[in-house]
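This report looks at a ligand site and at some backbone details. The sequence and the structure come first.

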Amino acid sequence: MRIPEDVRKDIPLTGEVIYFDNTATSLTPRPVVEAMDEYYLRYRANVHRGIHRLSQMATHRYEESRKIVADFLNARFEEIVFTKNTSESLNLVALGLEHLFKPGDKIVTTPYEHHSDLLPWQRLAKKLGLKLEFIEGDNEGNLDLSDAERKIRGAKLVAVQHVSNALGVIHEVEELGKMAKEEGAIFVVDAAQSAGHMEVDVRKMNADFLGLSGHKGPMGPTGIGVLYISEEFFDTFEPPLIGGGTIEDVELDSYKLTEPPERFEAGTPNIGGAIGLAAGIRYIERIGLDRIERQEHKLVKRITEGLDELGVPWYGPRNLKKHAGVVSFNVPGLHPHDVAAILDENNIMVRSGHHCALPVMKKLGINGTVRASFHVYNSIEEVETFLGVMEELVRSLK
Ligand SMILES: Cc1ncc(COP(=O)(O)O)c(C=O)c1O
């Protein structure tokens, strides 16, 4: 596969717009749409409860999708639970672990988290009288690992993002996972911005729980996410949702839950979504994560150089080895939304605002940023076009 040319051929929208909003959601390649079409048009049925052949086929493809996700994350089949998105996955973790906490227990996270990996812990801490502590870090998003070691000492749970959607910084999840493990703390990873862009290996990370969204890096549809639950928690994690599909036996006044993963998936799941996500992962694997990383790195290098030449301040680590394909910046004197609107007039789609990371914006003393974020189908020519528009914009302000 030629990068990015052959990927662009599979995604018609790449020929129509310059799409630099991949952190919010990615574009969809044809094989993903085709896999979902096939489900809806050829074997549309519910899973698990049917004897007829359409249901058998749907069940087979749904469970095959789970296996594809499991292999992708180096997890076991039973450890993969389908959810709606990362936000739901992380909320479920907080709810399902609630009974394990007692007042005074400590949760450690970072000041760079997306609201979806902050609010569930804040709420849990307030409700149960827990301590919520934050690992120190600088304005580029780099964590102070010796402070991490201090804070993680005695912690009950550590929750961190792999990659920041606001600053693009790649956090040292493996080191943090090791620290958590040594302390016997539960380790939760928000992989919303890393899955599909770089290796996410739950074993290497020592993750106990991990959430991701199918619609971002893995190029799947919206409405499908993953919650990885380590088998060590099969008996202690209390399913926040129960009912259809989660039981082995039911009496009028009692029930016995079935085995994972069904235990954690109440009701009819997003069957077409899971099949689409698996097709996205297969597509990503056909390209190869190393080539995806290399392409995004090339784009980040060029865009940051270009912004430096124009005197446009950008955020996140100057050390580009720690910088994923997400570049936040600001044009002095212009509101981020105005910059995004001007870029849109030039057919370039970027995101502007606080990116659901208000504490990050407050730490930097800004009201928001403009964010250009990449996937493997973005080209260096697109970055050059973007820089040309930015040059004109900066010149017009002088
Ligand atoms: C780091 C991070 N965590 C969590 C989320 C939430 O993902 P979703 O909106 O798919 O639930 C996002 C979304 O942008 C994110 O960037």
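At which residues does UniProt place the feature "domain: Aminotransferase class V"? The unreviewed UniProt entry puts this feature at residues 18-386. The model is predicted. In it, the end C-alpha atoms of residues 18-386 lie 8 Å apart, and the span is 38% helix and 15% strand.

The ligand takes up the space of the largest pocket. Around the ligand there are 13 residues, of which S87, D190, Q193, S213 and K216 come nearest. By type, the shell holds two nonpolar, nine polar and two charged residues.

| Residue | Protein atom | Ligand atom | Distance |
|---|---|---|---|
| T86 | backbone N or O | oxygen | 3.4 Å |
| D190 | side-chain N or O | nitrogen | 2.6 Å |
| S213 | polar side-chain atom | oxygen | 2.6 Å |

On its own, the ligand has 400 Å² of accessible area, and the protein covers 89% of that area.

The backbone has some features to note. Most residues other than glycine have a negative phi, and most peptide bonds are trans. I3 and P4, however, are joined by a cis peptide bond with omega of about 0°; P4 belongs to the segment before α1 (5-10). Another cis peptide bond links P260 and P261, with omega of about 5°. P261 is in the loop between β10 (254-257) and α9 (271-287).

M219 sits in the loop that runs between β7 (209-213) and β8 (225-229).

Note on methods: Residues are numbered from 1 along each chain as its sequence is written. This is a predicted model: local features need pLDDT of at least 70, side-chain atom pairs count only at pLDDT 80 or more; totals for chains, interfaces and linings use all residues. Side-chain values use heavy atoms; hydrogens and water are left out. A residue is near a molecule or strand if one of its heavy atoms lies within 4 Å of it. A polar contact is a pair of N or O atoms within 3.5 Å; within protein, one must be able to donate a hydrogen and the other to accept it, and residues adjacent in sequence count only if both atoms are side-chain atoms. Accessible areas come from the Shrake-Rupley method with a 1.4 Å probe; for residues, only the protein chains shown count as cover. On a 1 Å grid over the protein atoms alone, a cavity is a set of points where a 1.4 Å probe fits but cannot get out, and a pocket is an open set with protein on both sides within 12 Å along at least five of seven lines; lining residues have an atom within 4 Å of a point. A molecule sits in a cavity or pocket if more than half of its atoms lie within 2 Å of its grid points. Ala, Val, Leu, Ile, Met, Phe, Trp, Tyr, Cys and Pro count as nonpolar, Asp, Glu, Lys and Arg as charged, and the others, Gly among them, as polar. UniProt positions are given in the numbering used here, feature names are shortened, and annotations may be inferred rather than shown by experiment. Helices (H or I, at least four residues) and strands (E, at least two) are DSSP runs, numbered from the N terminus.
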